[in-house]
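Open the model in your viewer and get ready to select a few residues at a time.

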Amino acid sequence: MPRVPVVGRLSLRDYVALITSFALLALEVIIRTITLLLPGPIVRWFYRASRNAFNRLSSPASRHSRNRKKAVSSPIAQANDFLDICELYGYTAEEHIVQTGDGYLLGVHRLGYKLGEEDQKVNAGPGSVQKKIVYLHHGLMMNSEVWVCLTERERCLPFMLVEQGFDVWLGNNRGNKYSKKNIHFSPTEIPFWNFSMDEFAFHDIPNTIDYILSTTKQPSLSYIGFSQGTAQAFATLSIHPTLNEKVDVFVALAPAMAPPGLAGGIVASLVKSSPEILYLAFGRRAIFGSATMWQALLYPAIFTWFIDKSLSFLFGWHTNNITAHQKMAAYPHLYSFSSVKTVVHWFQIIRHGTFQMFDDEGSSPLAVGKGSKYYKIAKFPTRNIKTPIVLVYGGSDSLVDIDLMLRELPRHTVAKCIKKYEHLDLLWAHDVDELVFPHVLEALQTYAVPGGGLKSWKSIDRGIHDRRSLGANGSSTLEGSGSDRSLRLITQDQRLRQAYDWGLDSSTPDEQLDESEGDEKADEGPERFALSPTPKAPSLLAALHTPERNHDHIAAATPP
């Protein structure tokens, strides 16, 4: 295939794909501009029209099935923020602000209290309850909500860790929904968005960890990352030797280091193109800033279908392990703002096949050629990491090259494969509590709380309901304090059990994505109630004793 002048890396086919992508971006800009100029009633009319069109194509049986699922998914989907989602489940969350060394203000969330112990002090100095800390960090173009927007409490990793007795903190990257402030620049200014993974590694992660340890007076914490959240940990631990002493164990869910590539032809062409082409297409501020517009215009079932098709086009994922009502609940929380430069950084990593720092010279029209002996892009020295590493990845995840990753990580790295899982399954799969949580708890028990005796969800759930029963009888501290919280939790728990039981049917995914026309009020303002479904109660730590492994051993995960 002949090469096209000027855009040297692209073939003629790639060039056609690139032109097509510019046409689609231009169309999106036009639609977005029109939408912003339309009054609210007309936007709502488009929303209702898309809903009615969808329902006309659905059978009465599928609408009936969808209505039963909606009782669980809608309150989560329409929750405004992290605190609202946690409140649905009865958990009290805290908000903290971390100032980075270069002036960004990062929103950090904390779940420190089991259900029923909200009046206690946790990690607040002498006389308070002392707990080990677990820190969770999200992926690319996400925020902390992705960890808690699950339709069942038992599948929610932060809630499980809280009930295990951990003090759980959840971070956010600069620029996203909870970290859109800087003491020097406004988000409307280009310098605000001039950051890549380098800044996450040099500032966001180490500054957040230092803040957490300083606030709790604890010597160390355990780190759990998802997708780019793992890449940020790989990077920051490799360049901050002393940070390794503050992290007991690093659990990497769907780990990302140097993805092999993308499935979509248009995007693959963008990967191979010059960074200037990407900046021309997307600008130099936030990427995909119009995503929230599409969510406002499209009926939830259609929006979910659109996201599924996009994931299939870009990455070849089928999302068969995530239930339809889980998608309806989680997809509205999937996207959050990030910089175009961060995506350019990932494209550089994919193009060069190495986990490197941002190539500033590669963005210059006077850049030295790739084969020059005078210029070498700095790599993150990941083999220097001393913190124990446990990789948990999906065997069907197109973004994970496990062989390359193990070659670049220290020999003490342990890798565990869940063969049927894709990327997002590590967060939202219907059996994530059975296939992922045991590995997380095993890592924590081995490196963070040896001999700590972490419990199964069955005993955890029994303890939750015992505490609530005490509250109903007037003998809990919450009830005795005059608060109506415990009674509300009991009522909420009963209501969700009923709602969740409605959803236990044998409907197909297509049927679950349907909804009746009579639910307009629920679409616009869902009733707020706690989500606490009847648990499947699997044993999470069932005999996971394994011999010591080196970096060459990859164990297949099986249900306990």
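A crossover is right-handed if, with the strands pointing away from the viewer, the path from the first strand over the helix to the second runs clockwise. Helices (H or I, at least four residues) and strands (E, at least two) are DSSP runs, numbered from the N terminus. This is a predicted model, where local features need pLDDT of at least 70, side-chain atom pairs count only at pLDDT 80 or more, and totals for chains, interfaces and linings use all residues. Residues are numbered from 1 along each chain as its sequence is written, and side-chain values use heavy atoms, leaving out hydrogens and water.

Start by selecting β7 (residues 389-394), helix α14 (residues 402-408) and β8: together they form a right-handed β-α-β unit. β7 and β8 pair in the parallel sense over five bridges (pairing takes at least two DSSP bridges between two strands).

Five of its five residues are buried, so the strand is largely enclosed by the rest of the structure (buried means under 20% relative accessible area, exposed over 50%, partly exposed in between, with a 1.4 Å probe and protein chains only). V414, K416 and I418 point one way, while A415 and C417 point the other.

Now pick K416. Which residue does its side chain meet in a salt bridge? The partner is E442, at 3.2 Å, N to O (a salt bridge is a side-chain nitrogen of Lys or Arg within 4 Å of a carboxyl oxygen of Asp or Glu). E442 lies in helix α17 (residues 437-448) and K416 in β8, so the pair ties together parts that are 26 residues apart in sequence.

Finish at K420 and D431, whose side chains meet in a salt bridge of 2.7 Å, N to O.
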